[in-house]
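The following questions and answers concern a single protein model. Please consult the sequence and the coordinates while reading.

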Amino acid sequence: MHLEISHLTRYEYDREVQLRPHLLYLRPRENPLLQVNRFAFIFQPEAKVAWMRDDFDNLPASAQFTANAATLEIRSECTVTTADTPPFDFLVRDYATTFPFAYEPLHKFNLSIYLTPPEIATQSALRRWLDARFSVRPKETVEWLFALNQVICRNLTYRRRDEPGIQTALETITLGSGSCRDFAVVLIGCARTLGIAARFVSGYMFDPASNGIGAGSMHAWAEIFLPGAGWIGVDPTHGIFCQNAYVPVAHAVVAESVNPIQGSFFSATPAVAKLTSDVRVRQVQ
């Protein structure tokens, strides 16, 4: 599938401010199933860009601004090609085909940071929440993971949140609602509580029903590590395994590490900022 992605973020300040360096997690992360054909930034005011690899081997850009401004616009435009690989086209190692299973020692060592469970109180709350909603649990690992994903999707209400920040898993199950990033945090918390390695993913999703008009923000989901299959994308917001409509940008242990735009400004007197954004993902020939 060929996709065209346009992502505009605009900050309007009530006075001219000094823009500090910004870290941008906006370029799709290439892999054998995802090819970036074109990528470009457009800044207002102009910025100098330096690329780096972070501690999770993501590729964020560092933008350095030389001029003060009352408006900051960051636009990224790209075209990508995603492979038409079925979401269940993978094999799990024999020892991990039924759940629960224990990772072999080398995997357990390598994945230790993604296996770190939430604090005890959150673990207990997640177990109680699942026990009340996930009483019939498949024995086959892939079926179990699919069912867990469905439980989260069906028992939480999606609510778009424009305010910054990410709810904790405990906050989300208590409220019974959250955004896509909050759903992903719940799935990750549940997985780690039950002994499965999981990480947070930020990126884009193509929805044919949107006609290329996004909800004004990026999408978020989780990846689960299954022996023999590797990292498998799982989207609890939609209750499905990820396929070629998903374009990952960055992954991390915790969601806050890969906020799409990270930066600050300086003003000698308090300044008020207004944020607007527009994300468009459309299929092209």
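Q: In the lining of the second largest pocket, how many residues are nonpolar, how many polar and how many charged?
A: The model is predicted, so local features require pLDDT of at least 70 and side-chain atom pairs pLDDT 80 or more, while totals for chains, interfaces and linings use all residues. Residues are numbered from 1 along each chain as its sequence is written, and side-chain values use heavy atoms, without hydrogens and water. A pocket is an open set of points on a 1 Å grid over the protein atoms alone where a 1.4 Å probe fits, with protein on both sides within 12 Å along at least five of seven lines, and its lining residues have an atom within 4 Å of a point. With Ala, Val, Leu, Ile, Met, Phe, Trp, Tyr, Cys and Pro counted as nonpolar, Asp, Glu, Lys and Arg as charged, and the others, Gly among them, as polar, the lining has 17 nonpolar, eight polar and four charged residues.

Q: How much space lies in the second largest pocket?
A: The volume is the space filled by probe spheres set on the grid points, which are joined across faces, edges and corners. For the second largest pocket this gives about 730 Å³.

Q: Which of the 29 lining residues are the closest to the centre of the second largest pocket?
A: Strands are DSSP runs of E of at least two residues, and helices are runs of H or I of at least four, numbered from the N terminus. The elements giving two or more residues to this lining are β9, β10, β11 and β13. The lining residues closest to the centre are Asn31, Leu33, Glu223, Trp231 and Gly233.

Q: Is Leu26 buried or exposed?
A: Leu26 lies in the loop between β2 and β3. Its contacts (heavy atoms within 4.5 Å) beyond four places in sequence include Phe39, Ile74, Tyr204 and Ile261. Buried means under 20% relative accessible area and exposed over 50%, with partly exposed in between (1.4 Å probe, protein chains only). At 2% relative accessibility, Leu26 is therefore buried.

Q: How many disulfides does the count give?
A: A disulfide is a pair of cysteine sulfur atoms within 2.5 Å. Cys78 is in none, as the nearest cysteine sulfur, that of Cys242, is 17 Å away. The sulfur of Cys242 is 11 Å from that of Cys180, its closest, and this is too far for a bond. The count of disulfides is zero.
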